[in-house]
Amino acid sequence: MSISLFRRRSLQKIRLAMALPLLAALLSASPLSQAQPTAREPEQIRIGFQKSAVNLVVLKQRSTLEQRFKNSKIVWLEFPAGPQLLEALSAGSLDFGLTGDGPPVFAQAANKDLLYVGAEPPKPESSALLVQPASNIKTLADLKGKRIALQKGSSAQFLLVRAVRKAGLAWTDIQPVYLAPADARAAFERGSVDAWAIWDPYYGAAELSFKPRVLSTGSGLSNNNSFYLAARGFVENYPGTILNLLDELTKADRYVQQNRKEVAQLIADVSGLNLATVHLFLSRRPNPSPTTVLSPALVADQQRVADSFKELGLIPRTVKVADIVWYPKNAPLAQQ
């Protein structure tokens, strides 16, 4: 090899060596590379659920998430209602959970660092205002001056807010009695309260057990929306995990629709509810009920909940629901 040829080749190698770091930097900054970050799974996923969380219960009982997230420990925690669940989530004891429409509004007003990450279709027939069969309460207007049991900060509170407004009454015209579902049922049965605002499956269980009269369901009053929420830090660190959770929840709904008898027994086994109650509250769920990120219509509907609570002084400040709604942008599904 001539000296001149040797020098030319050596110079080419030097130029290539100098160019490679620049090329690597350009590639790492490209939109393609940014849209496909390396997916990772959290060490654990702590999930809060209620008896009404059908799809979560199905995932729990069938160990679906344990199979999908093989590198994560799945922890399940049950709560009687949404306010208690979101309190645990905001305190750092949970990562993900399902509630009705009321609890997230109260949580946001209290500056809890949570995000809406998903939602199920509305199910207005799954909540109701109940009175005793012989009660003299015949219309919503008859609620004036009456004692009404409800879980504070729950979807039942918005149902009652809407009922009171429809009746032409002020919130101060009624006497809300704030009780957790089990205590509210006991108070209702012994006559300590005149009415009870409640949701399924507690509604279905009462309906079949002691035959209360349904003064009104949520139809025409409240859409009774259900939302999945997560801790902000969890969402920011594991967006792919959130999308996978929503995917599995939709698959669970398909399983519910296709295997209703098996699912009813499964829910009865884990909840302690009888089969008739389970079949009743399952029948009131939309078919299908996929889990999706929040649509503009759902955000607007939830803003109406927030505005109603603020107008009545039930929350201390105005909140903008859209501020805590997660909108994934090109977030990849976690790699399996």
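Me: What is the order of the five strands in the open sheet?
Reply: In this predicted model, the order is S2-S1-S3-S10-S4, and the pairing is mixed.

Me: What makes S2 and S4 the edge strands?
Reply: Strand S2 (73-78) and strand S4 (114-120) each pair on one side only. The twist in this sheet averages 25° from one strand to the next.

Me: How do you know that S3 and S10 pair?
Reply: Pairing requires at least two bridges between two strands. Four bridges join strand S3 (residues 96-99) to strand S10 (residues 226-231), so the two count as paired. They run antiparallel. Within S10, Tyr228 is the bridge partner of Leu98.

Me: What holds strands of a sheet together as pairs?
Reply: Strands pair through backbone hydrogen bonds, in either a parallel or an antiparallel arrangement.

Me: Which strands does helix H6 lie across, and how does H6 run relative to S4?
Reply: Helix H6 (residues 102-109) lies across S3, S4 and S10. Its angle to S4 is about 165°.

Me: What does the accessible surface come to, and what share belongs to carbon and sulfur atoms?
Reply: The protein's accessible surface is about 15700 Å², with 54% belonging to carbon and sulfur atoms.

Me: How many helices and strands are there in the protein?
Reply: The protein has 14 helices and 10 strands.

Definitions and conventions
Residues numbered from 1 in each chain as written. Predicted model: local features only at pLDDT ≥ 70, side-chain atom pairs only at ≥ 80, totals over all residues. Heavy atoms only, no water. Areas by Shrake-Rupley, 256 points an atom, 1.4 Å probe, with all protein chains shown as cover. Axes fitted to C-alpha atoms, helices over the stretch in contact; angles between N-to-C directions. Contact = heavy atoms within 4.5 Å.
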